[in-house]
Amino acid sequence: MKNLLKESSAYYDKNNYYEIFSIREDAEGKVRNYLENISKDKIVLDAGCGTGKFLSVLETKSKEYIGIDLSDKQLERAINKSKKGTSKFICSNLSSINLKDNSVDLIISSWVLGTITDLEERNKCLNELKRVLKEDGIIILIENDTDSEFEEIRNRNKDNRTKDYNKWILLNSFIIDKQIDTYFEFKTLEEAKMCFEVIYGEEIANKIKNKRIKHKITIFKYNK
Ligand SMILES: C[S@@+](CC[C@H](N)C(=O)[O-])C[C@H]1O[C@@H](n2cnc3c(N)ncnc32)[C@H](O)[C@@H]1O
């Protein structure tokens, strides 16, 4: 299968901009606070961990941390941040996870499955997450809400991509656990524009007028 993700330079050779974008997202740390409360003493799989945005909180609170990502470049940054010798990092596609059935208490996947536009492939990944989840385990998907300045900038209020993706999540037996109002806080307007240009292209970057961008996040939860 053609690897569409390899064409996404934000996760590969230009991933230093993805890293800045990721740090500036949720400037108030509301998602971190949420994760702190649910990951205590759990075996946690960070599915599509990227550069390890939530690594510090998940490593500190969990019993065991496993980060998986398809991009070796993203994973390299996460590994460099890791402070716990027992943490595991696996460079792999979520459609085929090298973990045993029923082996993980909590799966966190933030802004990952929605980037997989091939529905068959996305379903395969979700089925793999369900396979490795323990019987009393929980999957948490951290995603964009449909209605925010961030969505407006990305033109997602004009197409139905976020709406359709969030519908797909609910159709797969998830419920909405929490909705969070937060914002990106970039250091400068130029920094914001550069990150958006690398990730979403010049036309979208040109729409940014402020270094603070309002963002709404929905947290979806699945119990096996
Ligand atoms: C938008 S980023 C989110 C990264 C991280 N979870 C965060 O919140 O910053 C999406 C990540 O998912 C990874 N990814 C996308 N499809 C994947 C797949 N099929 N298997 C494993 N990782 C994948 C990408 O390499 C990228 O690091």
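Leaving out residues up to four places away in sequence, Thr162 touches Asn144, Asp145, Thr146, Glu151, Arg154 and Arg156. Keep in mind as you look around that this is a predicted model.

Where does Thr162 lie? You'll find Thr162 in helix α7. Its relative accessible area is 5%, and because buried means under 20%, Thr162 counts as buried. One of its neighbours is also a polar partner: the side chains of Thr162 and Arg156 make a polar contact of 3.3 Å.

## Gln179 and Asp145

Asp145, which is on the list of residues that Thr162 touches, turns up again here. Gln179 sits in strand β6, which covers residues 175-185. If you set aside neighbours within four places in sequence, Gln179 is in contact with Asp145, Ile217 and Thr218.

Gln179 and Asp145 are 34 residues apart along the chain, and their C-alpha atoms are separated by 7.9 Å. Their side chains are joined by a polar contact of 3.2 Å.

## Lys134 in strand β5

Now hop over to Lys134, which is part of strand β5. Is Lys134 buried or partly exposed? With a relative accessible area of 24%, Lys134 is partly exposed, because buried would need a value under 20%.

Not counting residues up to four places away in sequence, Lys134 touches Ile43, Asn102, Ser103, Val104, Asp105 and Lys224. With Asp105 there is a polar contact too, side chain to side chain, at 3.0 Å. Now try Lys124: Lys134 and Lys124 are 10 residues apart in sequence, and from C-alpha to C-alpha they are 18 Å apart in space.

## The nonpolar cores

Next, look for the greasy residues. The largest nonpolar core has 27 residues, and Leu45, Ile107, Leu113 and Leu129 have the most contacts inside it. Several elements give two or more residues to this core: β1 (43-47), β2 (64-69), β4 (104-110), α5 (119-132), β5 (133-144), α7 (161-171) and β7 (212-223). Which element gives the most? That's α5, with four residues.

Beyond residues up to four places away in sequence, Leu113 touches Arg122, Cys125, Leu126, Leu129, Leu141, Tyr165 and Trp168.

## Around the ligand

Finally, the ligand. There are 20 residues around it, and Gly48, Asp69, Gln74, Asn93 and Ser110 come nearest. Sorted by class, this shell has nine nonpolar, nine polar and two charged residues.

In Asp69, an N or O atom of the side chain is 2.5 Å from an oxygen atom of the ligand. In Gly48, a polar backbone atom is 2.7 Å from a nitrogen atom of the ligand. In Tyr18, a polar side-chain atom lies 3.1 Å from an oxygen atom of the ligand. How much of the ligand does the protein bury? Taken alone, the ligand exposes 590 Å², and the protein buries 96% of that.

Methods
Residues are numbered from 1 along each chain as its sequence is written. This is a predicted model: local features need pLDDT of at least 70, side-chain atom pairs count only at pLDDT 80 or more; totals for chains, interfaces and linings use all residues. Side-chain values use heavy atoms; hydrogens and water are left out. A residue is near a molecule or strand if one of its heavy atoms lies within 4 Å of it. A polar contact is a pair of N or O atoms within 3.5 Å; within protein, one must be able to donate a hydrogen and the other to accept it, and residues adjacent in sequence count only if both atoms are side-chain atoms. Accessible areas come from the Shrake-Rupley method with a 1.4 Å probe; for residues, only the protein chains shown count as cover. Ala, Val, Leu, Ile, Met, Phe, Trp, Tyr, Cys and Pro count as nonpolar, Asp, Glu, Lys and Arg as charged, and the others, Gly among them, as polar. A nonpolar core is a set of buried Ala, Val, Leu, Ile, Met, Phe, Trp, Tyr and Cys residues joined through side-chain atoms within 4.5 Å. Buried means under 20% relative accessible area, exposed over 50%, partly exposed in between (1.4 Å probe, protein chains only). Contact means heavy atoms within 4.5 Å.
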